[in-house]
Amino acid sequence: MKKVLLVFFLLLSVVFAKKEDYSEMSTQELIEIIGYVKDQNKESFLKELNSRIPKMNEQEKLQYNRRINQEILEEKIEDEE
């Protein structure tokens, strides 16, 4: 019985572990993971990030723009190779 419960809880944790909750992350953390989000989580990530853009202070906006530009340059370099 203990093994069955253990297996059940392990499977349950795997199911919930796939979905990221970006609303719990700080704006700084969201900015830092731009470009590292799995494809399956990009929609929820972008939704959360876009909802925070109007609320960003000047420092966060500067970091956001730098990170976006860096990501664009990295994509260009990968496309050229």
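Arg-52 and Glu-48 are four residues apart in helix H3, so about one helical turn separates them. Helices here are DSSP runs of H or I with at least four residues, numbered from the N terminus. The side chains of Arg-52 and Glu-48 meet in a salt bridge, 2.8 Å from N to O. A salt bridge is counted when a side-chain nitrogen of Lys or Arg lies within 4 Å of a carboxyl oxygen of Asp or Glu. Arg-52 is classed as buried because its relative accessible area is 12%, and Glu-48 is buried because its value is 19%. Buried means under 20% relative accessible area, exposed over 50%, and partly exposed in between (1.4 Å probe, protein chains only).

The model is predicted: local features need pLDDT of at least 70 and side-chain atom pairs count only at pLDDT 80 or more, while totals for chains, interfaces and linings use all residues. Residues are numbered from 1 along each chain as its sequence is written, and side-chain values use heavy atoms, with hydrogens and water left out.

The pLDDT, which is the predictor's confidence in each residue on a scale from 0 to 100, averages 83 over the chain, and 75% of the residues score at least 70. Where pLDDT is low, the predicted coordinates should not be read in detail.

The count of salt bridges comes to three. Another of them joins Lys-42 to Asp-39, with the closest N and O atoms 3.5 Å apart. Lys-42 counts as partly exposed because its relative accessibility is 39%, whereas Asp-39, at 64%, counts as exposed.

Glu-71 and Arg-67 are both buried.

Which residues form the negative surface patch? The patch is made up of Glu-74, Glu-75, Glu-78, Asp-79 and Glu-80. Patch members have over 30% relative accessible area and no salt bridge, with like charges joined within 9 Å; Asp and Glu count as negative, and the place of a charge is taken as CG of Asp or CD of Glu. Glu-75 belongs to helix H4 (residues 58-80) and counts as partly exposed because its relative accessibility is 42%.

Methods
Patch = residues over 30% accessible without salt bridge, like charges linked within 9 Å, V, L, I, M, F, W, Y side chains within 5 Å. Areas by Shrake-Rupley, 256 points an atom, 1.4 Å probe, with all protein chains shown as cover. Helix = DSSP H or I, 4+ residues; strand = E, 2+ residues; numbered from the N terminus.
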